[in-house]
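Could you open the model in your viewer and keep the selection tool handy? We will take a short walk together, one selection at a time.

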Amino acid sequence: MALGIHQNFLAPFAIFLRASAFQVGLLSAVPQLLTALAQFSASPLMAFFGERKRMVTSTVLASAVPWVLIAAVGFLPSANGVWLLIPLAGAALALYMLSD
């Protein structure tokens with residue numbers, strides 16, 4: 001579900017926030033990069049949590065936090081909302097992918 005929301009919702013949302021073509025490109029690239037880098041932390045996280053069920057539950061719940069902040073970005077009055085959207089989208093997708 002997170003992948004579908006990410007691919008189908010965030011680019012139009014960024015355009016609604018008046019993102020440039022460069023920012024939309026970053027919105028597509030940065031989450032993929034952060035997801036790839038987050039895979040390096042999967043083994044230490046598994047050792048920390050001890051069992052897969054606790055790790056999955058924790059990372060899924062943690063991935064919900066950036067989505068709440070992404071929803072709040074639409075209410076910001078400044079033009080910097082798109083620059084906040086990019087790392088938040090990356091964090092949400094990377095945390096969700098750790099639970100897979």
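Predicted model: local features only at pLDDT ≥ 70, side-chain atom pairs only at ≥ 80, totals over all residues.

**Stop 1: helix α2.** Start by selecting residues 21-38, which make up helix α2. How far apart are its end C-alpha atoms? They are 26 Å apart, and this agrees with the 26 Å that 18 residues should span at 1.5 Å a residue. Now colour Q23, V24, L27, P31, T35 and A38: these residues of α2 are buried.

Stop 2: Is L34 buried or partly exposed? Its relative accessibility is 31%, so it counts as partly exposed, because buried would mean under 20% and exposed over 50%.

**Stop 3: T59 in helix α4.** Move on to residues 52-73, helix α4, and find T59 within it. With a relative accessibility of 5%, T59 counts as buried. Which residues does T59 touch, leaving aside those up to four places away in sequence? Show L95, L98 and S99 to see its contacts.

**Stop 4: helix α5.** Finally, select residues 81-98, helix α5. Among the buried residues of α5 are G81, V82, L85, I86 and L88. L98, one of the contacts of T59, is also on the buried list for α5.

Conventions
Residues numbered from 1 in each chain as written. Heavy atoms only, no water. Helix = DSSP H or I, 4+ residues; strand = E, 2+ residues; numbered from the N terminus. Expected span 1.5 Å × (residues − 1). Buried < 20%, exposed > 50% of the residue type's maximum accessible area, 1.4 Å probe, protein only. Contact = heavy atoms within 4.5 Å.
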